[in-house]
Each structure stands twice: as C-alpha cells, then as structure tokens.
Amino acid sequence: MNTLAHKVRSSAAVSGTALLLAAAGFGLAPAASAEESQPPVLAVDTAAPAEVGLAGLPVGFTTKVSNTGTTDTSSARLTYRIDGGAGLPPNAVGLEYRLDGTEWKKVPLTYAGGTFSGEMPETFPLAAGRSRTVQLRVGVPMGTPHNGDSNGGTEQLKLTTLVSYGASGAATDTDDDTIEVDGLGTGLSGVPATVTAGGPAVGFKATVTNPTASGYENVTDTLITSRYASVQVLRSGTWQTLTPVTSDAEADVYGFDVIGKDASLAAQSSTVAKVRVSYREDTPAGKATVRSCVYVNQGSVPFRGTTFCGNEATLTVLAAGSTGGTPTPTPTPAPSTSPSASADAPSPTSGTTSGTTSGTSGARSQLAETGSNGTSTIAAVAGAFVLAGAGALGFVALRRRRTRA
C-alpha cells in the first residue's frame, strides 16, 4: 500500500510539473509569435526617365527603397521587369546600376515574350525607418557597337520595380512606370526642283536631329541616290567630294556619308551639313530621288544597323545641254527622327545646334528593318523610291523589308 501510494504521489507530481511546464510554454508562445509577425515593411519608388532614344545611350534614373516598418533587414532586394512588346529582339534592352562608387554594373536580364526581367545582383541592409536611393540607367541599344539590330522597334517601355527582402524574394511593394521611346530624325531641305545632266551641282541641306534624352554614338547619315550622281559636302569651308558607298545587293544605288562615319550626337541636339549634287551627262532625263538615312552601329556591311530614313525628295533631271528655268527648291518635309550608335569619329564638322528637336518620331515612323532573307536596307529604300514615293516608309515601328521585285 505504501509503495502504491508513493507511486501515485510521484505520478501526480510529474503530471503536475508537466502541466506547469505546458502552461509556461503556452504563456511564452504568443510573445514569440508576435515578434515573428513584425517583418520589415519595404516600399519602393522609381523615378524613371520620361524618354530614351532607340539605339541610343542609356539614360539615368533612381529607385528609392524605404523601410517603413519597425524591423531592420539585412538584405533588401530589387527586381526589374521591362516590357517593350514583341517587336524587340533579345539584345535590345540594357539595365545598369551602382550602389557605391562610380562603376556601372550590369543587371543580368532574361528575355521572354517581349519582357526583360532581372534582379540586381547586390542586396543591401536597410534599418527600420531609413531609406536608400540606388542609381540606375536604362537604354534600348538595339544590339552592340558596330553590330546594330536592323529588325525591331518599340514606342514605349513599361518598367516595373519590385522590392523584397531575405531569401524568399516575395515582393512587398511594386512601382510601375512608362518610358517613351523615340529616335533620331533625318531629312533634306531646299532640294531644287530641277538639275541638268552634266551641268552644275545643285545645293541643299541634310539635317540629323536627336530630340531624345539619350546621347548617340556610331551615327552615320547617308544620302542615298543613283549611280549617276556625284556628291560634295562643305567641311571647314571646303567642298569635299565624297566616295560612294555601294552594296552588292543594289549596284545601281549609291550612298554618300554626308556627316562622316561613326559620328556622335549629344542629347537634344542636331547637326546640319551643306550638300551639293551633280549628275553625269549620260544621266537619263526624268525623275531622280534623293533621301537621307541614318544608320546606328553600322558595321562592315554597308547600309546595315539600326536604320531610320527620312522622306525622299524628287528632282527632275533635264537632258544635257538643256536650259531650264531657274531651279526652285521643292517643298521638303521637316526631318523625321531616327536612332544612332557608336563614337569613333568626331562629331560632324558642319556644326551642332543644341536643343533643335524638329521632326517626327523615328521610333514611331521610320525604322527600316532587315528581313529574314538578309535584304539590305538600301534595297528597301530603293524599292520605295520606285514603287511608292515618299510615303513608303510611313508611320510604322515594326516592318519587314521585302526584296525588290
């Protein structure tokens, strides 16, 4: 009996201790849970640029991350999504950042379904109640220097910024912005109505305009006409005869680089070149056209790169020996805008006027593209001259060039 009573008392004591411990544990649990339920509260605000230039250099902007909660985080993370539509090739968009110092680092981007996505490789700590601003820059380079994409284009980018913390990556806040995409403009003004075969040259102006916030490098502005033409440009007070550029695909079409090759253009600037053209004595009488096209990141193959062409102008070629009336300039539209890229050569010597932004949007209207058959830009332009006139490269951001018939 004593033994049994002792066992009962021991059992009761153990049970009582267990109950006390359980009660104590139960009392501590809510406190631990309350602590864990207060994660960092991160907010994000991106001040995206209003505009970038198609095939131009990147434009800077900022993302501000704020910790509005009461808990510090050791690893704030930023992720970006950039939607440019299905018309952009996989190497069209670039994003860079810097947390400290002056070195720009790339944000690795993946491409799927018209959207570029990537997370900034570095995280950063952020104490409760504090904020931090990250420097970034975004661009639509459309390829690489001297290897510009000839296919594709877009009118705008939709930029989404997501902020998260820790290893999970679940976004605690997002910010949406729209970035307009424009391009370089190019055009001719003061083109005379007539010219005499074998007679004196006629003069006019070729203008390239950059209305965008992007600087441009590797810009080549080419005057496109026929094999009967000779072209000079005024540089440093001297008329210089230009060497024609030709393509195996279009032997009858000549191009002349009127502002040199691989020029640079500052943001929101323009350059004007004085040009004069003469036609050989054996030039067939009739209509002749001239047109200005800008190539960005043109490589070793002529007329390739990110391409925008202005409206064509038409001259009537009079037969050799004709004595027509005084040539009067044909009305020519304002330069149409288009993109450029690369900077090995100096800026055009014809001069640059800051702030000139006349012309229509190149990204929205004039981007010429190389088709899957590899047809050159010049083939499309020449075909447009013959078949459709000035409207052939009309309001379009994405078009597939066709082989001349």
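A residue counts as buried when its relative accessible area is under 20%. Phenylalanine 256 is buried, because its relative accessible area is 1%. This model is predicted.

**Disulfide**

- The model holds 1 disulfide.
- The bond joins cysteine 293 to cysteine 309, with a distance from S to S of 2.0 Å.
- The link of cysteine 293 and cysteine 309 is right-handed, with 110 degrees about the S-S bond.
- Cysteine 293 sits in strand β25 (residues 286-296), and cysteine 309 sits in strand β26 (residues 306-309). The pair therefore ties together parts that are 16 residues apart in sequence.
- Cysteine 293 is buried, at 0% relative accessible area.
- Cysteine 309 is buried too, with a relative accessibility of 0%.

**Aromatic pairs**

- The count of aromatic pairs is 3.
- One of them brings together tyrosine 111 and phenylalanine 116, with ring centres 4.7 Å apart. Their planes meet at 50 degrees, so the pair is tilted.
- Tyrosine 111 is partly exposed, with 29% relative accessibility.
- Phenylalanine 116 is buried, with a relative accessible area of 1%.
- Tyrosine 254 and phenylalanine 256 also pair, with ring centres 6.4 Å apart. Their planes stand at 55 degrees, so this pair is tilted.

Notes: Residues numbered from 1 in each chain as written. Predicted model: local features only at pLDDT ≥ 70, side-chain atom pairs only at ≥ 80, totals over all residues. Heavy atoms only, no water. Disulfide = S-S within 2.5 Å. Helix = DSSP H or I, 4+ residues; strand = E, 2+ residues; numbered from the N terminus. Buried < 20%, exposed > 50% of the residue type's maximum accessible area, 1.4 Å probe, protein only. Phe/Tyr/Trp six-rings, centres within 6.5 Å; stacked < 30°, edge-to-face > 60°.
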